[in-house]
Amino acid sequence: MKNQDQEIAQKMSGAQLLLKSLQKHDVELVFGYPGGAVLPLYDALYDAEIPNILTRHEQGAVHAAEGYAKATGKPGVVIVTSGPGATNVVTGIADAMGDSVPLIVITGQVATPGIGKDAFQEADILGITLPITKHNYQVRDVEELEKTIDEAFHIATTGRKGPVVIDLPKDISIIEGTYTQRTKPVNLISYQPTTNPSQLQITRLMEQLKKAKKPIVLAGAGITAANAAKELQEFVERYKLPTVTTLLGLGTLPADCPYFLGMGGMHGSYASNMALAECDLLINIGSRFDDRLATCPSQFATGAVIAHIDIDPAEIGKIIPTDIPIVGDAKNALEKLLAFEPFEVDSQAWQELCIERKQKYPFKYDRENKDEIKPQRVIEKIGEITKGQSFVSTDVGQHQMWVAQYYPFNFPNQLITSGGLGTMGFGIPAGIGAQFAYRDRPVIVFVGDGGFQMTNQEFAILNENGLNVKFVLINNGSLGMVRQWQERFHNERRSSSVFDGQPDFIKLAEAYGIDAVRIMNPATVDSELEAAFAKEGPMLIEVIVSNSEHVTPMVPAGVPNDQMIGVE
Amino acid sequence: MRRIITAIVYNKSGVLSRITSVLNRRQVNIESISVGVVEAEISRMTIVINVNTLSEAEQVTKQLNKQIEVVKVSDITDDPHIERELALIQVNAPMSVRSEIQAVIAPFRADIVDVAQKTIIVQVAGTHDKINAFIDVLRPYGIKQLARTGITGIKRG
């Protein structure tokens, strides 16, 4: 092997070496924005086979990379310059950390002699990103660069996935180093994620399932990350297990699966939240009991034996005390569960109760109201038009929850949303990133008028790259979710949540050369949506909706799951 | 509740701040951290923390274990272990009390490691409590300077 490596060994600049390494890791494209400290790298990109997607803001680049990564499961790659370029991606890095998204962020850095001397455009990005990365590196020797990139990809894409930052000083990208096309697998003694769950614990879980009368499954993003949706469905169907998903778990079971009770938690379904409250066995696969799901940890599933399957041992017992801890990859765990001799679970009454609640208490809105366009109807209709088969990116807020409630998700990776960090401005660039991953598949972005104004500058790259994304702007003239909380919990004091004077969004889209339509008529909303979706190419579809609508039902923060408000 | 956690880590720049950042972020109060290189490229840290519950301590060890540059973390509080701290204490010691001080420190197996005209420096090693007791004994003579290493610990046999 060594001889082979030596034969391949070539001398090249750090910048070229980095790009070669990205190619070795099958990177198709990078999202980035040039600047002083990465000039040598962008110079090398000029000749490289990897295209750089020039966004209009670094935040756009990092969310686009997240969108790409969420849609494909492959790591997204970002290149930005030092200082302000690097600090502009901090939000996206924290977002990727929150949702365990594999991301490689290459930040330029001032040349090594200037580091620590407050040089022009210098920021201590290692220090800044230390708490929001899975790991970070500063390359101080060009001969370490190739190994560092191999390690970064290994860390970002294995175990619990996450963002890795590589800080590259300018002089390191200029100096010549040796590229060896290393083929040796990365082996970090201190980083050995447990992917294969203990058979003993799996057996304990199955013994509990045999005894259970009211079992449920809670399916989270870990299912998607492990590519285990098929196994999940088989497990759920074999034992007829009512299943609740998290926001990021949507799509792991198809919308029409009879055992799927909907999303649980704060804006989840009544059936899901009651199932969480009343179950006697909770099998959590790949969810971290986020506080939007386990709204009151001290009174969460109090009568249940809790089994928690997670690839990150630190998640087990972090929020909810666990009876059966299972550290491992969701796919391996489900395969082991499926390997058991099938048995009957005596839970028919429970299944019927769960399914009856699902039918009796669906998500509801005032369908009779003909005076205003209901945002829920807009999403429902788009679900019908696209037959639940489109990639869906959302921004954050009311529309995000309505999408979770009303769009019929059917495959994992389908919903691209900021779950953990709740990042406004995420939707537009993330949807664009997803379209780069799948050029021939439909992508819809749902965005509010608040988040739209945070990252709409990325419209510039649509025509440049011949992308076909439909943007559905749910315009309620306000920060809907903030306003909702103020109306419910702050005596209707709408402090800074209602916009007084919005831009003309249609003209804004047209300025970027994007086709745009404004829908205002409740009587023709369905047909106008159909007409808009029938058109080719990127499009902004602005829908003017009521500015008094609330997302219901709701479990208020800190209150147990079964105490929902707004259930009729 | 006081817990003693040991961590085997790579001896690389920035590792200490990764460790303290994990603790900081979780609002864990650090009583002491001591670090030393034990083999080529490997350091051992002893971290003494104060937490309210055992599960908090468990969460700390799990989170530390997640750090890529941390090889192994153990909470050794409940295992038989040895813990030691070293203190250097400069104390007022005019000739008139010098022999008295010598007699007082002898039961602690402390050593005089520096002698000047008016002061001496005493070195003592032992558990955290022993050092506290020792300082209390010397305080009446007038402590001029005091340096403590923090706890370092290791599991028995």
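The exercises below, each with a worked solution, concern a predicted model of chains A and B.

**Exercise 1. The contact of chain B with chain A**

Find how many residues each chain gives to the contact, and what area is buried between chain B and chain A.

Solution. Start with the residues: 17 come from chain A and 14 from chain B. Next, take the area. The size of an interface is often given as the accessible area lost when the parts come together. Between chain B and chain A about 1,300 Å² is buried, with 51% of this given by carbon and sulfur atoms. Then look at chain B, where Arg18(B), Lys62(B) and Ile68(B) lose the most area to chain A; together they make up 47% of what that side buries.

**Exercise 2. Polar and charged pairs across the contact**

Identify the residues that form the salt bridge between the chains, and state which elements of chain B supply the side that touches chain A.

Solution. The count between chain B and chain A is 1 salt bridge. Lys66(B) forms a salt bridge with Asp312(A), and their closest N and O atoms are 2.6 Å apart; the cut-off is 4 Å. Polar contacts between the chains come to 7 residue pairs, counting those with both residues at pLDDT 80 or more. On the side of chain B that touches chain A, α1 (15–25), α2 (54–66) and β4 (70–75) each supply at least two residues. By type, the residues of that side are 4 nonpolar, 5 polar and 5 charged.

**Exercise 3. The nonpolar cores**

Determine which residues touch the most other members of the largest nonpolar core.

Solution. The largest nonpolar core has 68 residues, and within it Phe235(A) and Val472(A) touch the most other members. Leaving out residues up to four places away in sequence, Val472(A) touches Val378(A), Ile382(A), Ile444(A), Val445(A), Phe446(A), Val447(A), Phe533(A), Ile541(A) and Val543(A). A second, separate core holds 48 residues, including Ala94(A), Ala96(A), Phe411(A) and Leu473(A).

**Exercise 4. Helix α6 of chain A**

List the buried residues of helix α6 (residues 90–98) of chain A.

Solution. The buried residues are Gly92(A), Ile93(A), Ala94(A), Asp95(A) and Ala96(A). Among the elements that cover them are α4 (58–72), β5 (103–109), α7 (125–129) and β7 (163–169) of chain A. After α6(A) comes Ser100(A), with a positive phi near 55 degrees.

**Exercise 5. Gln486(A)**

Decide whether Gln486(A) is buried or exposed.

Solution. Gln486(A) lies in helix α21 (residues 480–489) of chain A. Its relative accessible area is 9%, and the cut-off for buried is under 20%, so Gln486(A) is buried. Its side chain makes a polar contact of 2.7 Å with that of Ser497(A). Beyond its neighbours within four places in sequence, Gln486(A) is in contact with residues including Asn491(A), Arg494(A) and Ser497(A).

Terms used:
Residues are numbered from 1 along each chain as its sequence is written. Chains are lettered from A and ligands numbered from 1 in the order in which they are written. This is a predicted model: local features need pLDDT of at least 70, side-chain atom pairs count only at pLDDT 80 or more; totals for chains, interfaces and linings use all residues. Side-chain values use heavy atoms; hydrogens and water are left out. A nonpolar core is a set of buried Ala, Val, Leu, Ile, Met, Phe, Trp, Tyr and Cys residues joined through side-chain atoms within 4.5 Å. Buried means under 20% relative accessible area, exposed over 50%, partly exposed in between (1.4 Å probe, protein chains only). Contact means heavy atoms within 4.5 Å. Buried area is the accessible area (1.4 Å probe) that two parts lose on being put together, summed over both. A salt bridge is a side-chain nitrogen of Lys or Arg within 4 Å of a carboxyl oxygen of Asp or Glu. A polar contact is a pair of N or O atoms within 3.5 Å; within protein, one must be able to donate a hydrogen and the other to accept it, and residues adjacent in sequence count only if both atoms are side-chain atoms. Helices (H or I, at least four residues) and strands (E, at least two) are DSSP runs, numbered from the N terminus. Ala, Val, Leu, Ile, Met, Phe, Trp, Tyr, Cys and Pro count as nonpolar, Asp, Glu, Lys and Arg as charged, and the others, Gly among them, as polar.
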